[in-house]
Amino acid sequence: MAVFRVRNTHKRKYALICLCIVGFIIYLMLPARGRIMSRKLGLRANSSQFTLEGEPFCIIGGSIHYFRVPRAYWRDRLMKMKACGLNTLTTYVPWSLHQPERGVFTFHTLLDLEAYINLAAELGLWVILRPGPYISSELDLGGLPSWLLRDGSMKLRTTYPGFTHAVNTYFDKLIPKVVPLQFKKGGPIIAVQVENEYGSYAKDESYMLFIKEALQSRGISELLLTSDNHNTLKSGGVDGAIRSVKLRKLNHRDIQDLNSIQPNSPTMVMDYWTGGYDVWGDLHHVLPPEDMVSTVREILRRGMSVNLYMFHGGSSFGFMSGALADPSYKALVPSYDYDAPLTEAGEYTPKYHLLRDLLSRYNRGESLPDMTALHYREAYESAIMYQHLSLWDALSFTEGPFKSPKPLSIENLPVNNGNGQSYGYTLYETTITSGGLLKSGDNVRDRALLFVDRSYIGLFKRQNLELAVPGGKGKRTLSLLVENCGRVHQGRDLDKQHKGLVGDILLNNIPLRDFTIYSLDMKPGFIDSLYQAPWKTLPETPSFPGFFMGRLFAYGYPSDTFVKLPGWEKGVVFINGINLGRYWSIGPQQALYLPGPFINSGINQVIVFEEQEGDFKVIFEDTPDLGMAAEIQ
């Protein structure tokens, strides 16, 4: 009996030893990401190559912005990124969306940053976070909240006390949410970018140090990066952060410049632009797939790290799009398709397939995950507009009206709990007693429809500074419906991005006075309130501007679709109260992406705000239409 027990003991020991050996072999066979890391060192840049926890690491990243993708599609888009062979997700964090008013913060639903980062970790992606506060990202005011402009002395992106105080308040809310998600604390964040492209602004030598310390003092301990265009690298960096470059074409001189500023450090192309954005009145910009992949191939061949901006662009829903100022003002379209490897609707492109083939060779011999199935798209029956509400009948549902002796910019209106108006339209009305020559003096930002006693007389825009007002007897009401088409998102004039009427309008060289002002920011609360408005059956000749209501019927599980408005001129589309964005007949974009998660099974409300003319029918197609394409030079 004793012999039997001894033999059993020996057997158990041998079995345990064998299990340990097998387990160790399996551990060695696991990819580095599958092993339990010590999480002590993090991402380092002490030589010509990055290391992650002491092991050589090449960042192959891609940008997908959570705020431009329906939350229901986050997993789909990130799985497609993983299946393409990328190992790192990068995302900006938009201050303007997370803090729409002073003291009001939102981090839920589409803006649940923590959930997004945790999802990336779940899917095996590292994260580079770009929290700004300025991010550009082709957003209105570069992602800065417009209420900052209520301070008449504001100096954005400097150590001006009014700006630094606002940044500190914002970071006090934001940074504690991401600190636990850092690599050394078990999370996926391996690096954090300090501001963005400051070299092209560079108005305050102390500013970048302030932002760096604002991050670190709140617990950011991972590798810090800065990112600039090649010609502004010197003025955009800060001690203690690795400099990285943005580019579309790989120029040996640009890389040399970076390496001369930062010798014996890894080279990182923080933004390799896979395509480009579009502006109204222009063409749809595309970059040939072969050009993109050959550049990425060369970047990786040289041992550099890279982030694809964008891997998937998504949509700038609502009024979040920015604008260009140089050489002339041009507003961006709502689509942020960017001609990226994944389309605005998450479809695969030739770029995706070529990129996946290339990156499969950099995956340490492991096979890439399978590509996920595409979402079904549907061409729903057209929505016939059956009700009409004139702009004038909707005014009683706005916040206000407000009286002002002189014109007020929308940021300085006493709306939104004292934070001013950020987006949308604003109606300015005053009394005139004669006709004559009306001069805007470039004080209309950015576009205004003009009416006398509610009859349309013409248009003011930045290039059109004069307009004849017809004569008439007695007192008449002059109305200016002004649209903020988007604040400039880059450049050195961010402080000057006030919208609405920003100065005097002259009639026969005499400034107009005593305005009544209505704020039409078109926020969800306003659109919902219109249910109580005096809608009328659509007349044969409805008045403009006006709201038009129809219905979209979706049977079964809702699918993605694209909204087209042939015969309409310019306006905004709302589906179930959600602002999809602007449409404009001048193009290039001719269809708005409507994701399936925005649609209810059954009846869906469609509201169109049209400025000048409409066809009274909204079409739903199963293919996008971003307009006539032109290759980026």
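Author: A charge sits over a ring if NZ of Lys or CZ of Arg is within 6 Å of the ring centre and within 35 degrees of the ring normal. The model above is a predicted one.

Reader: OK. What lies over the face of Y329?

Author: R462 does, at 4.2 Å from the ring centre of Y329.

Reader: And which residue has its charged end over the ring of F107?

Author: That is K177, and its charged end sits 4.8 Å from the centre of the F107 ring.

Reader: Back to R462. Which residue forms a salt bridge with R462?

Author: D446 does, with the closest N and O atoms 2.8 Å apart. D446 is in the loop between β20 (444-445) and β21 (447-452), while R462 is in the loop between β22 (455-461) and β23 (466-469), so the bridge ties together parts 16 residues apart in sequence.

Reader: Is D446 buried or exposed?

Author: D446 counts as buried, at 4% relative accessibility. R462 counts as partly exposed, at 24%.

Reader: How many salt bridges are there in the whole structure?

Author: A search of the whole structure finds 31. One of them joins the side chains of K184 and E222, at 3.4 Å from N to O.

Reader: Where do K184 and E222 lie?

Author: K184 is in the loop between α5 (161-178) and β7 (189-193), and E222 is in the loop between α6 (207-216) and β8 (223-229), so their bridge ties together parts 38 residues apart in sequence. K184 counts as partly exposed, with 31% relative accessibility, whereas E222 counts as buried, with 4%.

Reader: What does D393 pair with?

Author: D393 forms a salt bridge with K536, and their closest N and O atoms are 3.9 Å apart. This pair links distant parts of the chain, 143 residues apart: D393 belongs to helix α11 (residues 391-394) and K536 to strand β29 (residues 536-537). D393 counts as partly exposed, at 31% relative accessibility.

Reader: Which residues do salt bridges with shared partners join into one network?

Author: R447, E483, K570, R582 and E611.

Reader: Change of topic. How many aromatic pairs does a search of the whole structure find?

Author: The search finds 30.

Reader: Is F451 buried or exposed?

Author: F451 is buried, with a relative accessible area of 1%.

Reader: Which residues do ring pairs link into a cluster?

Author: The cluster holds W95, W147, F163, Y170, F171, Y198, Y201 and Y207.

Reader: Now the surface. Which residues form a nonpolar patch there?

Author: F553, Y555 and I603 form one, and together they have about 360 Å² of accessible area. F553 lies in strand β30 (residues 546-554) and counts as partly exposed, at 36% relative accessibility.

Reader: Last topic. What does the UniProt annotation say about residues 420-521?

Author: The UniProt record, an unreviewed entry, annotates that span as "domain: Beta-galactosidase 1-like first all-beta". In the model, residues 420-521 are 0% helix and 52% strand, and the end C-alpha atoms of the span lie 10 Å apart.

Terms used
Residues are numbered from 1 along each chain as its sequence is written. This is a predicted model: local features need pLDDT of at least 70, side-chain atom pairs count only at pLDDT 80 or more; totals for chains, interfaces and linings use all residues. Side-chain values use heavy atoms; hydrogens and water are left out. Rings of Phe, Tyr and Trp (its six-membered ring) pair if their centres lie within 6.5 Å; planes under 30 degrees apart count as stacked, over 60 as edge-to-face and the rest as tilted. Buried means under 20% relative accessible area, exposed over 50%, partly exposed in between (1.4 Å probe, protein chains only). Patches are made of residues with over 30% relative accessible area and no salt bridge: like charges are joined within 9 Å, nonpolar side chains (Val, Leu, Ile, Met, Phe, Trp, Tyr) within 5 Å. Accessible areas come from the Shrake-Rupley method with a 1.4 Å probe; for residues, only the protein chains shown count as cover. A salt bridge is a side-chain nitrogen of Lys or Arg within 4 Å of a carboxyl oxygen of Asp or Glu. Helices (H or I, at least four residues) and strands (E, at least two) are DSSP runs, numbered from the N terminus. UniProt positions are given in the numbering used here, feature names are shortened, and annotations may be inferred rather than shown by experiment.
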